[in-house]
Amino acid sequence: MDVGDDARLLLRASWQKGRAEKRPALVLVHGLGGDDSSAYGLATGRFAWDHGWHVVRMNLRGAGDSVRLCAGLYHA
């Protein structure tokens, strides 16, 4: 996702097959020290997925694998 001249966000989306119109989507944003692979985000995403939801895990600028997508450093 393009969010400006010098930064992009990294999102990981998991969609339930054949259920696009019938299921809600959960967007997970990690906490201050985390990223999209933090244990609490994975557990929450798995719970939602197992209950039929689409799941999108989003990295904030400079977090996790998105660090390579940003020209500068970011902080809270």
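A search of the whole structure finds three salt bridges, a salt bridge being a side-chain nitrogen of Lys or Arg within 4 Å of a carboxyl oxygen of Asp or Glu. The model is predicted, and local features need pLDDT of at least 70, side-chain atom pairs count only at pLDDT 80 or more, and totals for chains, interfaces and linings use all residues. Residues are numbered from 1 along each chain as its sequence is written, and side-chain values use heavy atoms, with hydrogens and water left out.

The protein has one helix and three strands, and from the N terminus on these elements run β-β-α-β. Helices (H or I, at least four residues) and strands (E, at least two) are DSSP runs, numbered from the N terminus. Of the 76 residues in the protein, 30% are buried. Buried means under 20% relative accessible area, exposed means over 50%, and partly exposed lies in between (1.4 Å probe, protein chains only).

Arg 12 forms a salt bridge with Asp 36, and the closest N and O atoms are 2.3 Å apart. Arg 12 lies in strand E1 and Asp 36 in the loop between E2 and helix H1 (39-50), so this pair ties together parts that are 24 residues apart in sequence. Arg 12 counts as partly exposed because its relative accessibility is 29%. Asp 36, with a relative accessible area of 6%, is buried.

Asp 36 also meets Arg 57 in a salt bridge between side chains (3.5 Å, N to O). This pair links distant parts of the chain, with Asp 36 in the loop between E2 and H1 and Arg 57 in strand E3, 21 residues apart. Both Asp 36 and Arg 57 are buried.

Asn 59 is found in strand E3 and counts as buried, at 0% relative accessibility.

The remaining salt bridge joins Asp 50 and Arg 46, with the closest N and O atoms 3.1 Å apart. Both residues lie in helix H1, four residues apart, which is about one turn of the helix. Arg 46 is exposed because its relative accessible area is 51%.

Leu 60 comes in the segment after strand E3 (54-59) and is partly exposed, with a relative accessible area of 37%. Together with Val 27 and Val 29, Leu 60 forms a nonpolar patch on the surface, with about 240 Å² of accessible area. Patches are made of residues with over 30% relative accessible area and no salt bridge; like charges are joined within 9 Å, nonpolar side chains (Val, Leu, Ile, Met, Phe, Trp, Tyr) within 5 Å. Accessible areas come from the Shrake-Rupley method with a 1.4 Å probe, and for residues only the protein chains shown count as cover. The accessible surface of the protein comes to about 5,400 Å², of which 54% belongs to carbon and sulfur atoms.

Pro 24 sits in the loop between strand E1 (10-14) and strand E2 (25-29). Not counting residues up to four places away in sequence, Pro 24 touches Trp 53 and His 54, where contact means heavy atoms within 4.5 Å. The C-alpha atoms of Pro 24 and Val 55 are separated by 8.8 Å, while the two residues are 31 residues apart along the chain. Among contacts in the protein with a separation of 6 or more, 70% are between residues 24 or more positions apart.
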